[in-house]
Amino acid sequence: MIGALMLDIAGTELTQEDIELLRAPQVGGMILFSRNIESPAQVRALTDHMRQIRPDILIAVDQEGGRVQRLRTGFTALPAMGKFGEYYLEQPEQAVALAEQCGWLMATEVLAVGIDFSFAPVLDINAISDVIGDRSFANNPHDITVLAAAFMRGMKQAGMATTGKHFPGHGSVKADSHVAAAIDSRHYDEIYRTDMQTFIQLMPQLDALMPAHVIYDQVDPHPAGFSRFWIQEVLRKQLGFDGVLFSDDLTMQAACVAGGADERLKAALDAGCDMGLVCNDRAAACLALDAISTYALPDQDRLSRMRGQCPELKISSALSLGETWQTTKNAIEAFKNSF
């Protein structure tokens, strides 16, 4: 059974404390960070060990490309998604083809080391947000939609579920929600016409969404990830989205409005998120876990859709995943280095 909390570990292998936490029924996921990565072989050994303890665990990573790429040593250095947007203005067909290849390459490498999915792609508009920037494909909904659709086609061809973030849009907010409160004072109609369009147009391809830790104060007083309006009324009812909803990291500064980690996780789940993330703070994760010990487990059918098609491979320190992988890797590296 899959629980409602995703947490992390400190090192490159499991400690006894990690193992005990993995056994808790309400732990449903593990997310890996750069500190957990030494080589492809080590990552595969780590994920295999996690599944020996908890076969049903979901394992995730942020492998967007560019500056947000946790798997580095031994893995392909992926371009920032904004590079595809720049190239799209010059060579649209080639840019779309490369975006699809990049999605396939990212997913293939992530799945090969036993990770179910990457929290990708970013569907925010590259407007005024420093924390989004070139993590976004482009500065307008049309180009983002075309390129993100291609990237997700590649992900799905490799066997990976897709996660769009950060609904209903973080790109038009200057503040970095990791370190500050983020407030967007635009009215709903403007958000709907601009930032929300990428999510709406791509919804048929999305298996999951991650709401933003942004308060849209002309719409609702709570950050989107704690808001029954955004989650229940807009996403579930108006837009008919039936995929998984992951909270963004509940230790981020913008989430503090909900209280401690225990209250934040309960607020996210009560609003309608399926799984909450508590990262980089073991004490907070344990507090949050205790707080939901009596909660019902989340929708199992929905969460099970995030399970990756992880091949049974013997991984050496350097990945070698076949001719198609090598050709695609060469193409993406050449693009990254030349554009």
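**Entry 1: H4 against H12**

I looked up which residues join these two helices, and found that Leu98, Gln101, Cys102, Trp104, Leu105, Thr108 and Glu109 of H4 meet Thr324, Trp325, Thr328, Lys329, Ala331, Ile332 and Phe335 of H12. I sorted this contact by class and noted 8 nonpolar, 4 polar and 2 charged residues. I am working from a predicted model. For the geometry, I have the axes of H4 and H12 coming within 10 Å and crossing at roughly 120°. I put the pair down as oblique, because an angle of 65 to 115 degrees would count as roughly perpendicular and one over 145 as roughly antiparallel. I recorded the crossing of H4 past H12 as left-handed.

**Entry 2: Lys329**

Lys329 sits in helix H12, which covers residues 323–338. Is Lys329 buried or exposed? I have Lys329 as buried, because its relative accessible area is 14% and the cut-off is under 20%. Setting aside neighbours within four places in sequence, I listed Phe75, Thr76 and Leu105 as the contacts of Lys329. Leu105 is also one of the H4 residues that meet H12.

**Entry 3: H4 against H5**

I went back to H4 for its packing with H5. H4 spans residues 92–112 and H5 spans residues 141–158; their axes are 7 Å apart, at an angle of about 35°. I noted this crossing as right-handed. From H4, the contact includes Ala95, Val96, Ala99, Gly103 and Met106, and from H5 it includes Val146, Leu147, Ala150, Phe151 and Gly154. By class, I have 14 nonpolar, 4 polar and 2 charged residues in the contact of H4 with H5. Cys102, Trp104 and Thr108 of H4 are listed in this contact and also in the one with H12.

**Entry 4: the nonpolar core**

I looked up the largest nonpolar core and got 113 residues, with Met50 and Phe246 having the most contacts inside it. Which helix gives the largest share of this core? H4 does, with 12 residues.

**Entry 5: Arg67**

Last, I checked a loop position. Arg67 lies between strand S4 (63–65) and strand S5 (68–69). I have Arg67 as partly exposed, with a relative accessible area of 43%. Not counting residues up to four places away in sequence, I found that Arg67 touches Arg72, Asp130, Val131, Ile132, Gly133, Asp134 and Arg135. I also noted Pro79, which is 12 residues from Arg67 in sequence and 8.6 Å away in space, C-alpha to C-alpha.

Methods: Residues numbered from 1 in each chain as written. Predicted model: local features only at pLDDT ≥ 70, side-chain atom pairs only at ≥ 80, totals over all residues. Heavy atoms only, no water. Axes fitted to C-alpha atoms, helices over the stretch in contact; angles between N-to-C directions. Helix = DSSP H or I, 4+ residues; strand = E, 2+ residues; numbered from the N terminus. Left-handed = near helix turned anticlockwise from the far one by under 90°. Contact = heavy atoms within 4.5 Å. Nonpolar A, V, L, I, M, F, W, Y, C, P; charged D, E, K, R; others polar. Buried < 20%, exposed > 50% of the residue type's maximum accessible area, 1.4 Å probe, protein only. Core = buried A, V, L, I, M, F, W, Y, C linked by side-chain atoms within 4.5 Å. Parallel < 35°, antiparallel > 145°, perpendicular 65-115°, else oblique.
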